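Today I am opening my notebook on how two chains meet.

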Amino acid sequence: MSISDQGMEHLKTLARLKLGDEETQALKDDLNKILAYFEQIRDLDTEGVEELARPIDSFNVFREDILEQGLTQQEALALATEAEEGFFKVPRTIDTD
Amino acid sequence: MLLDMKFAYQIAEEVRAQTTSAEAVVQTALARAGVVQQNLNAFVTIATEEALKWARALDARIRAGEDVGVLAGVPVVVKDNICTKDIRATAGSKILSEFVPPYSATVVQRLEQAGAIVIAKANLDEFGMGGSNENSAFGPTLNPWDSSRVPGGSSGGSAVAVATGVAPLALGTDTGGSVRQPAGFNGIIGFKPTYGRLSRYGVIAFASSLDQVGVLCRSSRDLALAMDVMAGHDAMDATSLATDKPMFGAALKQATDLRGLRIGLISELSEQGNSPGVLAALKRTVDKLTTLGASVGEVSLPHAPYGIASYYLVATAEASSNLARYDGMIYSERSGDNGLGQLEVMMRSRGEGFGPEVRRRVLMGSYALSAGYYDAYYGKALKVRRLIANDFARAFENFDLLMTPTSPGTAYPLGEKSADPLSMYLDDVDTVLANLVGLGAISVPAGKAENELPCGVQFSAPVLQDERLVKLTAVLEAHDGEAFAPLAPL
């Protein structure tokens with residue numbers, strides 16, 4: 001399998017990355033080279049093998065719901081990219097065109 | 001004339017006995033850090049004011065008769081993807097270049113509660129993605145043994161700080177070898193504990209089923225001190241093991257010889273593919289282990305060669321998900337005018353805020369998880385991961401520890417592998433396995449290999465048997481002072 005030019009455009013949208021034409025081409029070549037290397041595991045027989053997503057078995061972890069002092073609104077918003085009157089401020093999300 | 005940095009246990013003894021002060025120790029560390037920064041670019045931030053303030057406060061408490069802890073006055077360097085309250089944490093990325101965390105990671109809090117003092121934030125490959133420190137938005141770190149070469153990565157700055165004696169202890173993170181490989185390239189100890197032993201609260205995530213905090217140092221005693229202080233359950237991290245009781249100091253006390261210890265040399269990784277110098281160092285270590293009473297035999301892990309493919313699929317898939325939060329909206333740097341609309345601003349912020357390797361991995365991971373490819377790539381990688389775990393379980397039926405080189409070669413010239421990402425990935429062949437399976441693993445110094453550069457050997461232990469690794473390191477250290485702890489030239 002390899003990634004086409006069209007596939008690359010789809011991938012850029014999925015990954016939310018704006019890239020120039022030159023870099024898009026270079027990355028497409030890189031990714032296809034890396035994918036070719038990954039082919040080795042696709043040939044491996046894994047019939048009946050269970051996926052291992054986490055190295056150590058763990059289950060839902062619960063704790064008592066105890067009220068504690070967290071960050072104040074001011075402390076949290078000090079990290080904001082843009083804030084106004086106690087709110088995060090972001091670019092418009094709905095296209096009005 | 002710069003004073004040499006002592007080991008952590010020595011510093012703590014002297015500071016507690018008031019034969020020296022924390023302030024004097026920190027001054028020495030900061031002076032060395034300045035030189036190392038100028039020559040090797042090992043740091044993103046040197047926290048001069050904060051460190052001196054902490055040191056003076058600590059000295060005042062000691063003078064007042066207070067017991068300030070087993071790491072009293074010990075300077076530590078912390079990788080810049082680990083949060084430190086009020087000191088910026090960039091993860092080596094432009095997108096976090098202004099991020100000043102409002103809290104410290106649990107591991108940092110615990111070190112500080114034991115009297116340690118954070119003096120600097122170490123340079124790294126962006127978000128921990130890389131093995132050479134060339135992928136930092138703050139420029140590459142250089143190798144202290146040969147400044148035309150890479151220091152390894154991604155915890156390259158942490159390794160350089162310890163190898164040059166800026167601090168006896170440094171924190172790194174290890175997702176696929178990022179503590180062990182730079183430790184090998186710098187001639188020091190690099191330890192990645194079992195998954196879940198060190199809290200990741202306050203650690204900037206790369207791949208959550210693989211990430212672990214690790215320790216870089218020059219002495220097994222310092223390692224045991226740091227681990228006993230940091231390990232143990234943390235309610236703030238759901239993956240922190242609930243019943244963990246760190247026993248590193250106790251393990252050290254039993255470190256006399258290696259009689260009865262069965263060590264398996266992984267045959268798939270210990271022959272072809274390694275440089276002659278690395279193989280010679282491996283052989284020297286095997287001989288030494290045998291002399292000390294251990295038995296060393298070969299063991300086959302048939303799926304070990306598939307580790308790289310499995311690892312890079314899992315790691316990039318998880319990274320593409322973890323890094324989705326950096327979009328220039330709520331926090332992180334924003335590119336482009338708000339009038340362009342959210343999607344465009346988001347795509348610009350990420351396109352400009354992430355460096356080339358991070359962009360490459362986010363795309364790779366998005367592909368591996370995307371509709372139609374999930375089963376063929378990500379799902380398949382998880383099955384191979386299971387086969388690798390099964391290989392380890394079988395090997396540990398007959399052996400107490402497993403052994404490989406830490407890396408197939410020594411530190412390489414800057415730029416040599418940056419044009420070919422796959423060639424850099426292949427260097428992680430020895431180290432990724434411990435992360436896939438969640439095992440504890442350590443790189444210990446094994447003397448010099450090609451070009452008079454240091455190299456390491458790696459040992460891994462069954463889950464939660466990390467103390468065995470520290471004990472083994474202590475015995476090797478006691479019988480091979482020369483390979484251990486040489487300070488790199490400044």
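I began with contact, which means heavy atoms within 4.5 Å. By that rule, 67 residues of chain B are in contact with 48 residues of chain A.

I noted what I was looking at: this is a predicted model, where local features need pLDDT of at least 70, side-chain atom pairs count only at pLDDT 80 or more, and totals for chains, interfaces and linings use all residues. Residues are numbered from 1 along each chain as its sequence is written, chains are lettered from A and ligands numbered from 1 in the order written, and side-chain values use heavy atoms, leaving out hydrogens and water.

Next I looked up buried area (the accessible area, with a 1.4 Å probe, that two parts lose on being put together, summed over both). Chains B and A bury about 5,400 Å² between them, and 70% of it is on carbon and sulfur atoms. Met347(B), Leu363(B) and Arg386(B) supply 12% of the area that chain B buries against chain A, more than any other three residues.

Then I asked how many salt bridges cross the interface of chain B and chain A. I found 5 by the rule, which wants a side-chain nitrogen of Lys or Arg within 4 Å of a carboxyl oxygen of Asp or Glu. One I looked at joins the side chains of Asp30(A) and Arg360(B), at 2.9 Å from N to O.

Last, I checked pLDDT, the predictor's confidence in each residue, from 0 to 100. Chain A averages 91, and 95% of its residues score at least 70.
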